[in-house]
Amino acid sequence: MSNFSSVLVTGGCGFIGANFIRYLFDETDFRGKIINIDCLTYSGNPENLSDIVTKYSDRYVFEKLDIINYQEVCRVVETNKVDLIVHFAAESHVDRSIHGPGEFVQTNIVGTFSLLEVVRKLHAEGKKIRFHHVSTDEVFGSLGETGKFLETTPYDPRSPYSASKASSDMLVRAYSHTYGIDITISNCSNNYGPYQFPEKLLPLMICNMLSGKNLPVYGDGKNIRDWLYVRDHCEAVWMIANKGKSGQTYNVGGENEWTNIDLLNSLCEISAELLKKPRDTFKKLIVYVPDRPGHDRRYAIDCEKIKKELGWKQSVTFAEGLRKTVEWYHNNLTWIEHVKSGEYKSWLEKNYGERK
Ligand code: NAD
Ligand code: TYD
């Protein structure tokens, strides 16, 4: 049974946040209320939860709100007697952080600071509230051919995105240490699954295949990422929020390392098979493009701590997860059309021209 009755999710209209809200309602014994605050940036899409709004109308509340707005967040937290905040809201794409780091500093650092101030106020008033901060393995930097990130690995962020996430992690830790607020942190590897915005590797490639566009591989394509199915990540976050020790950090990973080019080749084969096209149809679209500046070579997570202490493990194999993900995009063409229009379209054209 869950410890909480009223959960505030930040960034619930984004990829992982929407999957988390769905997971909580559909797959757990949580019977309380969920309040989703999201200011709906280009990557926040209320359609991600349109069925949830009707199915759980008595237990779901949406507030269009920027996390930086301290007064309003206080109001929402107090009115709804929130006893857990799960903080997903962020600017989340490394490429965007290279083109324009300012928003990353605002949302990821100042926004997290503002939420921590809300928690500090409630804590000082004697209210019981836990803050779970969702972070990334990118704060640890880049690995060589061997080794894995542990919770104790020193931070070495190398992109404006990872630097902003590292800063927010440090603030969360400092607030726990200094003010005694109840916090937990998770650092996870690359998520994949339904509702991911098509600027990240997997959905971008799946969508480009559907529209016959090139598949741009950065550098030599040998960079390695550790892929985690989003539903498994959501389960880990919920376990940590409920059973994690206060003040602790937990790594969450897929134990599933792939070079980008091998992953893309598999994706091309799955897409061709599902669309009943010849096997090499999409591989022909692969093009090597100039590398991302400062491109981290390899990420790999050691997640023994959460396995041993909380009993979490991955439940979806990569073969299953990839297939489900590709099928989801193939079955949700209207969703793709909606998220790719408007602001995203003009940003892509401005920064990448025909390249993506
Ligand atoms: P996303 O970009 O899909 O969603 C972010 C959501 O936050 C959007 O709905 C957006 O509208 C909202 N948001 C942004 N700024 C906001 C603000 N100032 N106020 C309120 N809402 C705001 O991101 P995601 O992939 O779902 O990532 C969620 C979290 O998980 C982030 O903190 C990210 O750093 C972390 N993370 C993601 C991955 C991954 O592979 N996607 C891996 C590790 C960690
Ligand atoms: P991405 O999905 O942006 O996640 P992250 O940079 O946070 O790991 O990228 C995953 C990997 O794919 C990364 O090594 C960069 C590479 N990549 C490409 O080769 N081409 C692309 O168009 C994109 C978006 C990413």
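Modeller: A residue is buried when its relative accessible area is under 20%, exposed when it is over 50%, and partly exposed in between (1.4 Å probe, protein chains only). Helices (H or I, at least four residues) and strands (E, at least two) are DSSP runs, numbered from the N terminus. This is a predicted model, in which local features need pLDDT of at least 70 and side-chain atom pairs count only at pLDDT 80 or more, while totals for chains, interfaces and linings use all residues. Residues are numbered from 1 along each chain as written, chains are lettered from A and ligands numbered from 1 in the order written, and side-chain values use heavy atoms, without hydrogens and water.

Let's look closely at helix 7. The buried ones are Leu202, Pro203, Leu204, Met205, Ile206, Cys207, Asn208 and Met209. Just past the helix, Gly212 has a positive phi of about 70°.

Now for a neighbour. Helix 7 is among the elements that cover the buried residues of helix 9, with contact meaning heavy atoms within 4.5 Å. That cover also includes strand 8 (215-218), strand 9 (224-229), strand 11 (257-259), strand 12 (286-289) and helix 11 (318-330). Among the residues of helix 9 that are buried are Leu263, Leu264, Leu267 and Cys268. Helix 9 has 15 residues (260-274) and should span 21 Å, which agrees with the 21 Å between its end C-alpha atoms; the expected span is 1.5 Å times one less than the number of residues. After helix 9 comes Lys276, with a positive phi near 55°.

Strands pair if DSSP finds at least two bridges between them. Strand 6 runs parallel to strand 5 (residues 130-136), joined by 7 bridges, with His132 bridged to Thr184. Strand 6 also runs parallel to strand 10 (residues 249-252), through 4 bridges, and here Ile185 is partnered with Thr249.

Finally, the setting: the protein chain has 13 helices and 12 strands. Its radius of gyration is 20 Å, close to the 21 Å that the globule rule gives for 356 residues, so the chain is as compact as a globular protein of that length. That radius is taken over C-alpha atoms, and the rule is 2.2 Å times the number of residues to the power 0.38. Across the chain, 57% of the 356 residues count as buried.
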